[in-house]
Amino acid sequence: MFQVRFHGRGGQGVVTAAELLAVAAFDEGRHAQAFPSFGSERTGAPVVSFCRIDDREIRTREPVMEPDALIIQDATLIHQVDLFAGLVHDGYALINTSRPFNELGFEDSLASFRHDRLITCPATELALEHLGRPLPNAALLGGFAALTGQITMKAIDTAVRERFEGPVGERNAAAAAAAFDFVASKVKELARASTD
Amino acid sequence: MTRQPVHFYQVGSFAVGNRLLSADDRTVQSLRERTNSIDSGHRACQGCGEALGARYALDAAMRATNDRVVAVNATGCLEVFSTPYPETSWRIPWLHSLFGNAPAVATGVAAALRVKGKSDVRVVAQAGDGGTVDIGFGALSGMFERNDDVLFICYDNEGYMNTGVQRSAATPPAARTATTDAVGPEPGNVFGTGKDLPRIAMAHDIPYVATATVADLHDLERKVERAMELHGARYLHVLVPCPLGWGTASNDTIHVARLAKESGLFPVFEAENGTLTSVSTIRRRVPVEQYLLLQRRYGHLFGKNPRPDIVARIQAMADENIARYGLVDESTESTEVNA
Amino acid sequence: MDTPFAITLGVGTSRANHTGSWRVERPVYVDRLPPCNNACPAGENIQGWLFEAESGNYEAAWRILVHDNPMPAIMGRVCFHPCETACNRVQVDEAVGINAVERFLGDLAIEKGWQLPEPGRDTGKRILVVGAGPAGLSATYHLRLLGHQVRLVDSADRLGGMMRYGIPAYRLPRATLDAEIDRIVALGVEVVLNHVVHDIEEERRAGNFDAVFLAVGAQLGKRVNIPAGDSSKVIDAVTFLHQVAHDDPPLLGRRVVVYGGGDTAFDAARTARRLGATDAVIVYRRNRERMGASGEEVEQALGEGVSVRWLSTVNRFDAERIVLEKMRLNEDGFPEPTGEFEELDADALVLALGQDTDLSLLDHARDVTVHDGAVSVASSMMAGASGIFAGGDAVPAERTATVAVGHGKRGAHGIDDFVMGREPTEKQRHELATFDRLNTWYYADAPRTKRPELERIRRQTNFEEVIGGLSEENALFEARRCLSCGNCFECDNCFGVCPDNAVIKLGAGERYEFDYDFCKGCGICVKECPCGAIEMVPERI
Amino acid sequence: MLRQIEGSKAIAETVALCRPEVVCAYPISPQTHIIEAVGAMVKSGRLAQCEFINVESEFAAMSVAIGASATGARAYTATASQGLLFMLEAVFNASGLGLPIVMTLANRAIGAPINIWNDHSDAMAVRDAGWIQLFAETNQEAADLHVQAFRLAEELSVPVMVCMDGFILTHAVEGVDMLDQETVDAFLPPYEPRQVLDVDDPVSIGAMVGPEAFEEVRYLAYLRQRDALERIPEIAREFTQLTGRESGGLIRSYRTDDAEIIVVALGSVLGTIKDAVDIRRDAGERIGVVGITAFRPFPSEAVRAALAQARQVVVLEKSFSTGFGGVLSTDVAMSMRDLDFDLRTVIAGLGGRAITRRSLEDMLKRANDDELEPLTFLDLDHDAVERERERMRKVRRSGPSAENLLRDRAAFSSLPRGGGA
């Protein structure tokens, strides 16, 4: 089972992101379960959602306590929320920011994790570029596909286009593709760096 | 002198029927074939105004719809005295659910009829004043606001009579009830309280709002008929004296209802789409004392320690109604006669 | 439907619950005597015929009417309608115009040629009726209906008595009078005119009559001793009107003074105006409130230019001048002389001070008591002597045509009992339907329809009828103003106002009945009955 | 067709396949997505022959359903928590009148303190309201149960409440094999009301019944619920025959054959329990699970049979009777009369407190070691409770302890409040 936790703020499409990932996994013939943190949070407040992907039936209903991956849609949440709580030691984290990783102030809490799996991605910028609106969730899913290999870019593309009709779907798909490319090249870069 | 048209009948405009009128012009109540929607054997008190009002209204609705009426009833006297197992007095399809939900139940009935394609069947919901102005008020306002195709009839006897005469938001000032005792400096119900539901109904801009009393059958039937011509939410507020709760003689039910109207205390009018369209003017104006004196619930205003000050305040209320609705037609006003 | 137990119930089941057992008092339908019927001297069932008239069933109405009174067209003109005075509607707005409706029906019957009922099966009894005025004609009619043979004798050359010779034609057109009299005669009556009966016993024996009805009227004008010059023209009103009726009017001159305050005085004054008098002055010793004539007649006379000197007596009549003494009313309302005098120019003086009866034909009758110029009678109209009955102006009563008609009817029935050997029966009368028993709310407000009047100017110069009849429209309207006091008229109120549906409507003309299985005895039906035809009576416990 | 779909959406679409004729809607979390979706289907015309009525309260929602059902229409609504309580009078009324209304209850805690998250307090509060109450373990089952619910309700003239855990199921996106119209039509015949407001055959529905017949009316209702115990499994079997899928029924057992300890629970937590049981089984403990689908009528005989050989029965409940303890436990205990066994009640997941597999494993281990108290509150913060009690001892002042507790918990703003938080 692969478990993902999404962090973001109300209005950023955090719940939708988890759903899209579940749908994408489902489309690839896997079992998937997505659910929100069920808060009554309003726009702007910290929000969490979850997604599980497995090859067999998923029975558990507990929240994701020990995620295999984190998708952090808003890096500023670090000041309010213990973002990395429970992340397995070889887990992934995809962080939406245009700033370099070392400027985020995460270092102390990340010492024990594999740094080649902690990736930043300017998803909001990519969204603005492709979509015209600062909604980074679809883009981050593209990045997630590139980072974890748990899902294909094609499945993400299909799920996004199913969810958003017409041009909006196109543009989100384009943002996701751009993020996929960005993260894929970054992953290669890091791999090279680690082997270097 | 101007010649009278020949269509004048001894009692043509006020009594229940008249052998001289053509069948179409008679009241429904004058017809042997009237439905008797609420049949004999019910357990209402002697002289019950509500039993009378319900039969008047529903029989009229039945005639107006070719006998295609279903009724919804709130909990209350009418429900209790009409359907104690194993006997029902209703001759029409009738549903009782709860005290406060008659408007919503009626909405459901109307919705079901609509979806079933039974557009010819019409829904009448009925409740006492408690079920209307108090506990059912939210549901009623919702029904109004959605403009559901229901005629809602409130039989207003100005209190919770079923439970032993307690105050409702329709209880008039100074009236004694079990929860507004006739003691203290302001005996009976408090002035400045209460709810004027017909006006609240009008504020919903629903197609039809009307008031009536059991004392004017022609008027009541005409209003029911008018209501049945229209679709959407309609509201009819009928004053039905309660011998038990008002402390009136059982034979005074109609008489006292008439005085309520003739004194101006109970304005009789109708409104369409939120606008007043007609008022029933006072025929033989009487001072409120005449009305109050017949009722033991106002007994504390008279007798050993009379309270003319309170009677004057009640008279002022009547005068205010008369001014607000134009209840006195100056051109035909007659001298004061015992009505 | 297979309905769930207890919570769902089938219609009509509550009829098993007989709530009538709750009752401590029960309503019962009653019939009360309407004040109009009660007041009618002719004993008409006024409310009964108005009821039919309200529906436009005029012939049925007329038939109810002539059941009691065979001369509605006449009564509809000359009756002073005490029914209207008694009418409860007075206390709502104005009395119902009963008289006008009666006349409408009477005229319509003449126009349509409706005939009176067939005479009853011949009893073989022979009755002598003396006098063919309203009492005699009425008695004749009723006797014929009862199957008795009638000989009607009169001293005049035509039938009608005072109706012909006392009432001016402008109040009672002769064609109408003749029509209604002819209709009675057509029932098979032996009429003997120009015949004066001198001795009633002898007349009865000679004709072998089983009974006699005396209706000789009051034909003698009362005279008072008024000093008058020889050339002064003084005439009594009865003679004056009689001569006018005979188309032989006396010459009275331009200024006529009529002395008296009854209807005859006004008839005389109004007749004088029509004969060309420029001044017709009535002199009366009391004031207007205490006058005998009907207000209607006074109004009409004043409208025609008749003037009245109230509180005056005629002191003497010199040539072309009458001296009046002014009067005043004392505490008891009686006029007293004041000693003040005034003068009035006059060509003639007509005395209208009342009439006396010539009862000399009774001189040889045994056991008949004549008191104060009138024949004493029992309620059956029988005078002391067996088989002699009397009515009209000859007996002590109000002297009006309607009273006379009533006497005729009562006398006929008294005679019937007598000749058939039955004990006279007193009819049980219902309790009076008084105003306080009515619920007048239910009656629509509607002032009475006035009979059209001829232009005043026309009526001063001729003997055309002054008061016109009602149109059908107005007659119907007027009939429908009847409150039907004390008797159900099927307004459906009781049927409608019962909270327990405990009134059964039996259908048109059948009224209602109570369903005591369900009547709880609340009494709303009684309270809301417009005409007071229901009352509550205690249940026997 | 298998679809990855939000639970609420799956319910809405399944309800639509049941051809409801009147649907009343009043928003309350967490059921809103269901009625929103039904409303959209009606508005778009996709669900034809259906009146969708936005009412002013849950009380009105149930009342509209009552009116519609009594007029012969198939009526549906959904609610949760406070909404259920607000309509409570009408809930009793619907069953008293024998009206086959189907209602989704998105289970949620009842305040105060106000709490929008999942537990079973709402369902338990109305367990005696005369409704049939079915609990869904998954969204698949929730969807399937709605089809069965209409069938059951209309056959027996009893309203049916399909209970599904709020948020945990309603908001979860997972695979659901959606039925098609043909299948639902084959399974669910048109509604033939037992009583109906009909101008051509008038009856009075809702009479006042006195002492002379009230007990009989109630006894008849009891017998109908007994009938339901027969019909629920039959209908479930029919459903399986038609769809090849097992959904519904009275109870479902998991690894109980040789179990010494059996956990009894309702709803979605069964999945997590099964995962925990598998792990404990791997550790050699003979533990099984019985999930109760039909809570009302309570399948006493089936429960007794399923639990008969257990040494210990652990009833895990998302609700409890303040002042006593387990609610479900009482029913289980009554079903097990005269049998020799230990009963343990575990209260868990109140107000959305996450029930984690780890906590369950721990609890099961203690059960296996016979260390479980008769009444256990899972993951209770004993320190916070003790501090509050200490304060209460000092200051005898009444008031909401919730605020004090929250103030106490510095972790207030930290992560994650979890699968219910």
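Reader: Which strand of chain D does strand β1 of chain C join, and how many bridges are there?
Author: This is a predicted model. In it, β1 (residues 8-10) of chain C is joined by three bridges to β9 (residues 203-205) of chain D, and the two strands run antiparallel.

Reader: What stands opposite C:G10 there?
Author: The residue opposite C:G10 is D:V203, in β9(D).

Reader: How many residues of chain C and of chain D are in contact?
Author: Chain C contributes eleven residues, which are in contact with 18 residues of chain D. On the chain C side, seven of these are nonpolar, three polar and one charged.

Reader: Changing topic: into which domains is chain C divided?
Author: There are four entries in the assignment: domain 1 (13-31 + 488-538), domain 2 (37-115 + 444-479), domain 3 (126-220 + 360-419) and domain 4 (223-355). Between domain 1 and domain 3 of chain C, the C-alpha centres are 48 Å apart.

Reader: And the helices α12 and α13 of chain C: at what angle do their axes cross?
Author: The axes of α12 (residues 263-274) and α13 (residues 295-303) of chain C cross at roughly 20 degrees and come within 10 Å. Angles under 35 degrees count as roughly parallel, so α12(C) and α13(C) are roughly parallel to each other.

Reader: Is the crossing of α12(C) and α13(C) left-handed or right-handed, and which residues make the contact?
Author: The crossing is left-handed. From α12(C) the contact involves C:D263, C:F266, C:A269 and C:R270, and from α13(C) C:E297, C:V298 and C:A301. By class, four of the contact residues are nonpolar and three charged, with no polar ones.

How values were computed. Residues are numbered from 1 along each chain as its sequence is written. Chains are lettered from A and ligands numbered from 1 in the order in which they are written. This is a predicted model: local features need pLDDT of at least 70, side-chain atom pairs count only at pLDDT 80 or more; totals for chains, interfaces and linings use all residues. Two residues are in contact if their C-beta atoms, placed from the backbone, lie within 7 Å. Ala, Val, Leu, Ile, Met, Phe, Trp, Tyr, Cys and Pro count as nonpolar, Asp, Glu, Lys and Arg as charged, and the others, Gly among them, as polar. Two strands pair if DSSP finds at least two bridges between them. Helices (H or I, at least four residues) and strands (E, at least two) are DSSP runs, numbered from the N terminus. Domain bounds come from an automatic or database domain assignment. Axes are lines fitted to C-alpha atoms, for helices over the stretch in contact, and angles run from 0 to 180 degrees between N-to-C directions. Angles under 35 degrees count as roughly parallel, over 145 as roughly antiparallel, 65 to 115 as roughly perpendicular and the rest as oblique. A crossing is left-handed if the near helix is turned anticlockwise from the far one by less than a right angle, and right-handed if clockwise.
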